[in-house]
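Here are my notes on this model, as numbered points. Please read them with the structure open.

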Amino acid sequence: MTKPPRKPSKPLLGAPEAPIRSRPRKKRDPAQHQLTLDPMPARIYPCLALLKPRPPKGRQWAFEVKWDGYRLAIHIEPKGVRILTRGGHDWTDRFPAIAAAARRLSVSTAILDGEAVVLDAQGRSDFGLLQQSLGGRGGARQSREAILMVFDLLYFDGRDIRATEFTARRHLLEGMVPAGGEEAIRLSEEIEADGDVLFRAACDHGLEGIIAKDRNSTYRSGRGGEWLKIKCVQSDGFAIIGYEKSTASFGGIGRLLLAARKDGKLVYVGGVGTGFNERSAAELREHMDKLVIGKSAVDTGRKRNAVFVRPELVAEIEYRAWTHDGKLRHASYKGLREQQDDAAVYEITGRDRQ
């Protein structure tokens, strides 16, 4: 005869007569997904491209145009859109057209990685035009001309996809922002070509250069080598330490005096006397006149008719090479960098001819 089951000495779920209940749940935040998904990061420091003299070889590398503007992260959530600079500052109000285009994308949550640019008549990104559209350094103007050339997707519909390989992230991005669009958010398209051929074509068309990305790489903040940049001309940030006066030049600026960092200190790297127009020179003088000091903060040698300033302004300078004595060759002024854009002064390394 089958024995009846033995009564447990202790009820498994409390009193036998008590109703079985689950634990009380917290009230759902309507701004979050109903499923338990990855929380959206408040900020992601971007993956940065490592400078190389020549394009890499191999089918693992994907190539794009190098854009010249402000690096931005676009955070799309049900409660709204945020636009963050590389330095983590909220510039949503500065780019209304980009923010409006982000709201129209068919996605509930996402983080887009891209570059805000203003294009010239030939379709090339122009840093000076972008600066003008924003009202210059320290300005508060909204740029309605700026567009976002988007090139990566870091968070998608509740999932942090930075650990996913680049090819898969691009596939999702291309489904969200199709190629050939005319919106304020456009896809930075992959160009199927040999790296050397593409690089020569980019330089022939007056572009800044190209970017190479490892198709199998995950997204890592910083300059880890997963992305490479190959420039037709060099363009970097240098500290303004003064200027030489001229009655024949815009704003009375004959030549800006520049410095880079070396071993933790600023060192003089020459000057730049081209690239100014009446507007940019007037803006420069307005900023520099507030920073005038009696003696140069950096050893510049003997300078006649020079005005020195505190090294607080960072100028974006385009140049071809370095001279044998460590000065910039064929330099041209492009504009002032914003602190919110994580403006950095160029660091001299062993690669430079010092």
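**Pockets, strands and one serine**

1. The lining of the largest pocket divides into 17 nonpolar, five polar and 18 charged residues. Keep in mind that this is a predicted model. The pocket holds about 1,000 Å³ of space.

2. In total, 40 residues line the largest pocket. Arg86, Arg223, Lys229, Lys231 and Asp236 lie nearest its centre. Elements that give two or more residues to this lining include strands E1 (50–51), E2 (61–65) and E10 (227–231). E11 gives the largest share, four residues.

3. Strand E16 also gives two or more residues to the lining of the largest pocket. E16 (residues 314–319) is mostly covered, with five of its six residues buried. Six bridges join E16 to E11 (residues 234–245), and the two run antiparallel. Asp236 has Ile317 of E16 as its bridge partner.

4. E16 is also joined to E19 (residues 332–336), by four bridges, again antiparallel. Here Ala315 is partnered by Leu336 of E19.

5. E19 supplies at least two residues of the lining of the second largest pocket, as do helices H2 (127–133) and H5 (278–289). The volume of this pocket is about 700 Å³. Of its 34 lining residues, Asp126, Phe127, Gly128, Leu129 and Lys334 are the closest to the centre. By class, the lining has 10 nonpolar, 12 polar and 12 charged residues.

6. Is Ser188 buried or exposed? Its relative accessibility is 1%, so Ser188 counts as buried. Ser188 sits in the loop between strand E8 (185–187) and helix H4 (195–204). Its side chain makes a polar contact of 2.9 Å with that of Trp67. Beyond its sequence neighbours within four places, Ser188 has contacts including Glu64, Met149, Phe151 and Arg170.

Methods: Residues are numbered from 1 along each chain as its sequence is written. This is a predicted model: local features need pLDDT of at least 70, side-chain atom pairs count only at pLDDT 80 or more; totals for chains, interfaces and linings use all residues. Side-chain values use heavy atoms; hydrogens and water are left out. Buried means under 20% relative accessible area, exposed over 50%, partly exposed in between (1.4 Å probe, protein chains only). A polar contact is a pair of N or O atoms within 3.5 Å; within protein, one must be able to donate a hydrogen and the other to accept it, and residues adjacent in sequence count only if both atoms are side-chain atoms. Contact means heavy atoms within 4.5 Å. Two strands pair if DSSP finds at least two bridges between them. On a 1 Å grid over the protein atoms alone, a cavity is a set of points where a 1.4 Å probe fits but cannot get out, and a pocket is an open set with protein on both sides within 12 Å along at least five of seven lines; lining residues have an atom within 4 Å of a point. Grid points are joined across faces, edges and corners, and a volume is the space filled by probe spheres set on the points. Ala, Val, Leu, Ile, Met, Phe, Trp, Tyr, Cys and Pro count as nonpolar, Asp, Glu, Lys and Arg as charged, and the others, Gly among them, as polar.
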